[in-house]
Amino acid sequence: MAEEKFEKAIIEKLKSEGWTYRNDLSGVTTKELYNHWRDILNQNNSRKLEGVLLSDNEFESILQELNTNKTPYNSQLMIAGAGGIGTIPLTRDDGTQLEIEIFYADEVAGGHSRYEVVNQITFNDLEFTLSKKRRIDIMLLINGLPVAHIEEKDESLQNQWNAFEQFQKYDGDGMYTGLFSFVQVQFILSQHSAHYFARPKNYKEYNKDFVFGWRDDENGKDVNDAMTFIHQVMGIPALHRLVTVNMIPDAANDNLMVMRSYQIQATRAIMERMRVMQNNDFIEKEGGYIWHTTGSGKTVTSFKVAQLLASMPKVRNVLFIVDRVDLINQTFENFQSFAYKTFEKRIKIVNSKQLKNDLKRKNSSSYIYLITVQGLDKAVQSGLVSDERQVILMDEAHHSASGDSVERIKKAFSKTTWFGFTGTPNFYSDEINQVKTSKNISTHDIFGDRLHRYTIKDAIGDGNVLGFDTNYYMPDIEVDANEKFTEQELEKEVYTSIPFRESVVKDIIDNWDKNHSGPIEMGIRKPNQFHGILAVSGKQAVVAYYNLFKKMAPKLRVAMTFSRNEDNGKGTSDLQTSLKKAMMDYSKLYDTENFLATKEPERNYLNDITKRIAHKKPYNRQLTEEQEQQIPQRLDLVIVSDQLLTGFDSKYVNTIYMDKILKEGMLIQAMSRTNRTIDKNAKPNGRVRFFRKGDLMVENVNNALMIYTKGGNDELSDAEKTHNDSDYEKLFDDDILAPKMVTQINGLQPKIERLKQIAGDDFSQIPRSEKEKVEFTVLASEVNQKIQRLVQQGYELGTEVDDVDKYGNPNGNKVSLNISDIDEFSALQARLNDVNELLPPEKKIDLTNIKIAIDIYTHEIIDYDKLVELLNEYIDETTQANRDAVEEHITPMDDENRSEIEDVLDRIEEGGYKEHFNTETLQTTRTKIRSNKKELKLRRWSADHNANGNDIVSAYDLYLPGMSLNDNPKLSDKIKQLENDLNLGFFETADFEADLISFFESLK
């Protein structure tokens, strides 16, 4: 479809969603938008300006203020302002000082806010480009500020991801300065694809991993239709909220984040629940809960909810509850980083005594208080009561909301509404969907209805977290004992025995390099690139394993930790002595402060451990192996009982070793310590290795994953649900569990064979044609990534694995990857880099994001600059060689597009085109050729259907791709006229409409 026709359709859809199209401000230079903004400033500030319009000098001083917006983070703070009004300071010519209002964050679809669409704006004075001139597709203006930039791509001409590269180029050219520094969000639209992302702080920071699609809240499906996307995301008030409420300023990184669809929808659900209560003047204690899987960004969502609730006029304070002391500081630091300057001082960590004192004060503003559930319960038991309108937000709600404390707190806070956030809600069993749980109380019982969900299946599908590679190791001592011991005897005689624990330690040590090294790069795997967690059963086991590692693996850097809240049992003093000894070992190795001499030794020690394995400051330096020896930074393994199994995130943890029995929510929480995303060549999955009761843990893992992909019953009385016959194999189909090695090997074999056809059996040959070079680069990138995945799962190149039948059972055959060893794999990698370097810049593959590379290759697009250059060479010298060069370049085009360029070549040969093309004149020429061919098709269709050709051409002029007849009344009226002229019957009209629209859709 013609890009200009699609652009017109987008504008028409935006108009129907509340935007005003400014034709007089379209097709102009940026100067006109500056003048327009000046007019708006004069109008919106007329009372402050007392009827005296801004002078040239005053407007220039305002523009100078815009120069302080070096990043989108700066401009977001300027838009946010104080009290929901963004302002810019101004000293008038007469010395008067004013705050000029530029934006009204709270006036959504009302008040001073105006919403305008402009398109085809020319930037003719860009600082960092030789061309000095760029023309963009669409800008969305709120109060004259360009807050959103849209680039659309005609799917028949360009892959939509080219728009991403275009945005990056615009940024590098210096486009987003001055007035245009206010662009907060960038949109990529094609008819069947729609994405958005927060504008990065500079052109080097553009990352396709932070480009988001939209998920429909009604059916949970991705929204790919551009018009549906515009309706849900870009209408009024949705877009206004997106660039205000749904933006998160990240002070720690001087960056800006935009919330993803499920975060926005969850926030909206809670706020709507509160608004209904406030508008009807009633209070319910059970507000509801949000089920967002571990690793999906609950911290951002919960902060935004807390901030919005604290800003509601009838809410006195927000109490944000966590279940562990060690999470308080982590949460506080995140909340401080995400808060606007005006809100920072309204976020406080409190203990029970401080909370009692603070709630007695009648503060003018609402606060967000961070406290543990134990601290809040302690305050209540010491006499704290409140009849003011408070809101409690509870993190890790599946774990925090338990026991009698909740009932005590609910009774003491009589007018408080509770909302919960959890990645693993507690459910009742659901026999219909084959979900079995052991819970006698559900998250619903504590918090009320589920308001929004985003499951682990959703998050893995979106690429926000990784799936799991689970494996099971049963030491011989356990295998031998299973038949002769009872459960109690197994625990006493086997699992706490030295031989069993030694076999676990030996297994971890023997496979350490294989499990924790980085990807293979030119035959080398760097060791110790990832950390591990060993989760064991109880404090005694933590100490015992720590001592064994010190004895059996002195070179491995191991730490241990447990909390005072864990069950003490016998030998408490000995255990505390062992913990102190481990803390001293740690301080000596890493030359840290003496934690034992601090006021809170356990908390400070744990805080240092978590920063070290999360690579947070000051442990985020890239050290060489020599530096590591001199100033140790890396920590290899942390041994825990319960700590760090929930609420702790590090993308550098890739394996959790489990010598304990867990199930359901706690099992998913523990496994999820490993599934944060990083380079997928290095970490394709989170790895989980189980050391006891392998058969039981297989069942527990499968059951837990079924619960948290399908969900159970919130209430015992839940109605019947639609039966779903999915089985455990779907866990592999949905990438929740890593695919079996043999499946991956069988899928790779034909791709490797093709690579050898192109580059030789030893990968020593450079592919000859550019087309084969591109094919080799894309295919080799994909194969490289998939082999890395196999290696990270433990496959050794050159070895054989069991083949299986369609039911997954060994069939007696063996298969081996047809890359025999690391040397052959290194040859493939070397050739991949060589060939990629030989490609012209516009065809080089982004080797860090092969998914996008494959997508672009699948719909390979011709670079226009290169095409123009080749056509101009043919104009200069009309030789067969120059024509062949053009035809070689356009080979990947489809037949229709290739035919258009061949028409241009024919006209050049006939002498019809003598002037050199540029990208714009070539596009204009192609449009004329296409229009002529299109008109011929329209008239042929008219003749076939006995319709008037002029009428069909007129109808097509009114057709807008993606828009229904209901949204396009002009076309609807035209079709009715055609049907009347043809004297069609009732049933014939329906067929005629369907055939005509289908025909229009087929025209590119």
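These legends describe close-up views of a predicted model.

**View 1. Phe-164 and Tyr-206 form an edge-to-face pair.** A pair of aromatic rings is described by the distance of the centres and the angle of the planes. Here the ring centres are 5.7 Å apart and the planes meet at 70°. That angle is over 60°, so the pair counts as edge-to-face. Phe-164 belongs to helix H6 (residues 162-173). Tyr-206 sits in the loop between strand E8 (193-198) and strand E9 (214-215). The pair therefore ties together parts that are 42 residues apart in sequence. Phe-164 is buried, at 2% relative accessible area. Tyr-206 is buried too, at 8%.

**View 2. Six residues make one aromatic cluster.** The members are Trp-941, Tyr-956, Tyr-959, Phe-992, Phe-999 and Phe-1000.

**View 3. A charged end sits over a ring, and a cis bond lies in the loop.** The charged end of Arg-612 is 3.9 Å from the centre of the Tyr-619 ring. The peptide bond from Lys-617 to Pro-618 is cis, with omega near 5°. Pro-618 lies in the loop between helix H24 (601-614) and helix H25 (625-630).

**View 4. Ile-236 and Pro-237 are joined by a cis peptide bond.** Omega is near 15°. Pro-237 lies in the loop between helix H7 (226-234) and helix H8 (238-242).

**View 5. Asp-591 and Asn-946 have positive phi values.** Most residues other than glycine have a negative phi. Phi is near 55° for Asp-591 and near 60° for Asn-946. Asp-591 is in the loop between helix H23 (572-590) and H24. Asn-946 is in the loop between helix H36 (919-944) and helix H37 (949-958). Asp-591 is exposed, at 69% relative accessible area. Asn-946 is exposed at 65%.

How values were computed
Residues numbered from 1 in each chain as written. Predicted model: local features only at pLDDT ≥ 70, side-chain atom pairs only at ≥ 80, totals over all residues. Heavy atoms only, no water. Phe/Tyr/Trp six-rings, centres within 6.5 Å; stacked < 30°, edge-to-face > 60°. Helix = DSSP H or I, 4+ residues; strand = E, 2+ residues; numbered from the N terminus. Buried < 20%, exposed > 50% of the residue type's maximum accessible area, 1.4 Å probe, protein only. Lys NZ or Arg CZ within 6 Å of the ring centre and 35° of its normal.
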